[in-house]
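Open the model in your viewer and keep the selection panel at hand. This tour goes stop by stop, from a helix to a series of charged pairs.

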Amino acid sequence: MGGFEEWAAAAVEVFGEIKPLADRLPQDRFEVVVKEHEHHGGAAQRLLDGVAREVGLRQAVDVRSAPERTSSSFGLAVERRIRGLLRDASPLEDWVRDAGDAPVERAAARARDLAPRAVPVGTRDGQVLDAFTVGDRARPALLLVPPCGMPVELSRRWLRALGEDHFVVTWQSRGLFAPGGPEEGMASGVADQADDLLAVMDALDLPTCHVMGLCGGAVIALDAIHRHPERFESVSLWHGDYDFGADSTKTDHQQDVQALMELGADSLDKATAYQKLMHRPAALAKIPERVAPLVLYPYATPALFHHYCRLNFAIMTFDVTDLLGDIAHPALVVTSRTDTTAHPAGSHRVARELARAQLVEEPTGDHLSVFDTSIRLTQLAVDFVAAQHSTTPGHR
C-alpha cells in the first residue's frame with residue numbers, strides 16, 4: 001500500500017498548490033486529458049474527486065480521453081499538474097479496490113496537521129496580511145521574505161525544511177490575497193512592504209530574528225534591515241533581483257519584466273489589456289510545469305495583475321546602492337552562474353559592498369531551482385543561521 005500512500009500525499013500537495021490560482025478563475029471545471037484513460041476506468045475520476053473534495057477545490061475535475069474545449073494558460077497550468085499525477089499512477093483500479101478512499105483521507109489529514117499555521121496580521125495602514133508560521137517557537141526565529149506576489153505554497157518546501165530547526169515566519173504580499181482583491185490605489189512602495197515585514201514581527205512578538213530574502217524579497221529584507229538594524233541578527237539573500245540605478249547589470253529577462261511591470265502599474269486599463277494576452281497557452285512556454293500555477297497566480301485577473309505590477313515595479317526599480325554600506329550584519333549572499341532571470345552580477349556587487357558578507361555562487365541552477373530546496377541549499381541556510389546563533393550572546 002506504500003505506493004498508494006505516497007501517491008495520495010503527492011496528490012494532496014499538488015491540489016494544495018493549484019488551489020490559490022483555481023480560486024481566482026471563473027471556470028467551474030478542469031479537464032484532465034489522459035490518452036490511457038480507458039486503462040484507468042473510473043478509478044482516476046474517483047480518486048481525483050476525493051482529493052479535490054478534501055482540499056476544498058471549488059471546481060470539478062473531469063478525466064477525459066479527449067478534450068471538449070480549449071483551456072486558457074491558467075486552466076492548462078492547473079490541468080497539466082493534475083495530469084502529472086495520473087502519469088505516475090498506473091495501478092489505480094487495484095488501489096481503489098483494495099483501499100478505497102482511506103489513503104487520500106489520511107494524506108489530507110496529515111497535510112492539514114503539518115500545514116503552516118495561518119495568522120492574520122494588521123498593517124500600519126490598516127491592511128490585513130496572511131502570515132504563516134512553522135516550527136517550535138522556542139527555537140531561533142527566521143523570517144522568510146518571499147518573492148513578490150507568490151502564494152505561500154511556492155515557499156512550502158523551504159518552510160518545511162527550515163522549520164525542523166527554527167521558528168519560521170513568512171507572509172503573502174499585501175492586497176494580492178485578500179478575498180475581495182486589492183483595494184484601488186493601496187500603498188505599494190518598498191517602504192510599505194518593509195513595514196509589513198515589521199508588522200509581522202510585531203504581531204508574532206519577535207523582537208529580533210534572522211531574515212532570509214528570496215528574489216525580490218531580498219530587496220525588502222535589505223530595506224527593513226537598513227531602517228531597523230536593531231531588529232535583525234543576520235541576513236541571507238538568495239538570487240536577489242537588485243537595482244543600482246544607471247549602473248545596473250540586468251538580464252534580458254529582468255529588463256523585459258521591468259518594462260512589463262511599468263506598463264501594468266500605469267493604469268488598470270493597461271493592465272487589463274496585457275492580462276488578456278496572458279490567457280494564451282504560449283504564456284506557459286518557459287515556465288516549469290511544477291511551479292506554473294504558483295507563478296501565474298498574480299496574473300490571474302486584471303485587478304491582481306495591476307496591483308502586482310505596482311508592488312513588483314517598486315521593488316525592481318528600488319536602488320539599493322546607498323543601503324549596503326550601512327549594513328554591518330553577518331550576511332550570506334547566494335546566486336548561481338547560470339541564473340538568467342536575476343543577473344548574478346547583482347549578487348556579486350551586494351556581497352562586495354556589505355561589510356560582513358559571504359558570497360556563495362552555485363555552478364548551476366536557474367532562478368526557480370532555489371524553490372526545489374536541494375539538501376545542499378537547505379543545509380547552507382541552516383548552517384549560516386546556526387553559526388550566528390552559536391556566536392551571538394543572548395540569541396533567541
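Buried means under 20% relative accessible area, exposed means over 50%, and partly exposed lies in between (1.4 Å probe, protein chains only). Helices (H or I, at least four residues) and strands (E, at least two) are DSSP runs, numbered from the N terminus.

The model is predicted: local features need pLDDT of at least 70, side-chain atom pairs count only at pLDDT 80 or more, and totals for chains, interfaces and linings use all residues. Residues are numbered from 1 along each chain as its sequence is written, and side-chain values use heavy atoms, with hydrogens and water left out.

**Stop 1: helix α9**

Select residues 217-227, helix α9. Of its 11 residues, 9 are buried, so the helix is largely enclosed by the rest of the structure. Color the buried ones: G217, A218, V219, I220, A221, L222, D223, A224 and I225.

What covers them? Contact here means heavy atoms within 4.5 Å. The cover of the buried α9 residues includes strands β5 (141-145), β7 (209-214) and β8 (232-238). It also includes helices α8, α13 (302-316) and α14 (321-324).

**Stop 2**

A salt bridge is a side-chain nitrogen of Lys or Arg within 4 Å of a carboxyl oxygen of Asp or Glu. The structure holds 29 of them.

**Stop 3: D101 and R46**

Show these two side chains. Their closest N and O atoms are 3.1 Å apart, in a salt bridge. D101 sits in the loop between α5 (92-99) and α6 (102-114), and R46 in helix α3 (residues 43-55), so the pair ties together parts 55 residues apart in sequence. D101 is partly exposed at 22% relative accessibility. R46 is partly exposed too, at 39%.

**Stop 4: D196 and R174**

Are these two buried or exposed? Both D196 and R174 are buried. Their side chains form a salt bridge, 2.7 Å from N to O. D196 is in helix α8 (residues 190-203) and R174 in the loop between β6 (167-171) and α8, so the pair links parts 22 residues apart in sequence.

**Stop 5: E361 and R337**

Finish here. The salt bridge between E361 and R337 spans 3.3 Å, N to O. E361 lies in strand β10 (residues 356-362), while R337 is in the loop between β9 (330-336) and α15 (344-353), so parts 24 residues apart in sequence are tied together. E361 is partly exposed, at 26% relative accessible area. R337 is exposed, at 58%.
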